[in-house]
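The following paragraphs go through one chain, from its overall make-up to single residues. Please keep the sequence and the model in view while reading.

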Amino acid sequence: MFGSEKRSNRSMSAITTLIAEGTTIRGDIEFNGGLHMDGAVEGSITAQGAQAVLTLSEKGRVSGEIRTPNAVINGQVKGDIVVSERLELAAQARIDGNVYYKVLEMAAGAQLSGKMIYQPEPPRQLSGPGASTANDDSTSEGVDAEPARA
C-alpha cells in the first residue's frame, strides 16, 4: 500500500544483467544499469553510473567488496558494502563486513556483523561574492571577487 507507492517513484535503472542461480563468477565485476544476482561472485562488484542498482536475492552470495550508488541486499555478503545513495537490507540479508551508506532501510530479520557508517553528502561550495570563509587560505591575491559578466 504505502511502500509500493514509494518504490514506484524511484528513478533507478531497470535490470540489464542477470547472474542466475547456480552460476559462480570468480573475479571482479563492473556493471552499468541494473544487476540482479541469484548466483555467487567471488570478487568485487563495482557500478558505473549514478542510477546503477545492485539487487542481491536471498539466493545470491558475494565474497568481496560492493561499491554502487543503490543496492537491495537480501542474500549473503562477506565484505564491505559502500553505497553512495540508497541501501536496502531485506529480511534475509546476512552481512559480514562494514556498511557505508547515505540512506539506509533495514528490515526486521536482517543481520549485520560489522560497523554501520553514515556517509553524508560531500560539502557543497557556494559560488559568487562572499562565498569564501575567513579560514580559507586558498584565495590568491589579484583575483576579483566579483563574477565575470557576459
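What share of the contacts in the chain with a separation of 6 or more comes from residues 24 or more positions apart? Such residues account for 7% of them, where contact means heavy atoms within 4.5 Å. The model is predicted, so local features need pLDDT of at least 70 and side-chain atom pairs count only at pLDDT 80 or more, while totals for chains, interfaces and linings use all residues. Residues are numbered from 1 along each chain as its sequence is written, and side-chain values use heavy atoms, with hydrogens and water left out.

The chain holds 14 strands and 1 helix; these are DSSP runs numbered from the N terminus, with H or I over at least four residues for helices and E over at least two for strands. Of its 150 residues, 31% count as buried, that is, under 20% relative accessible area with a 1.4 Å probe and protein chains only (over 50% is exposed, and in between is partly exposed). The accessible surface of the chain comes to about 9600 Å², and 48% of this belongs to carbon and sulfur atoms; the areas come from the Shrake-Rupley method with a 1.4 Å probe, and for residues only the protein chains shown count as cover.

Strand β4 (residues 40–42) runs parallel to β2 and is joined to it by 3 bridges; here A40 is the bridge partner of T24.

Strand β3 (residues 29–37) is largely enclosed by the rest of the structure, because 7 of its 9 residues are buried. It pairs in the parallel sense with β1 (residues 15–19) over 4 bridges, and L18 stands opposite H36. Strand β5 (residues 45–56) is joined to β3 by 8 bridges, also running parallel, with L54 as the bridge partner of L35.

Strand β7 (residues 66–73) contains T68. With a relative accessibility of 5%, T68 counts as buried. Leaving out residues up to four places away in sequence, T68 touches F31, A47, A52, V53, L54, V82, V83 and S84.

Technical notes: Pairing = 2+ DSSP bridges.
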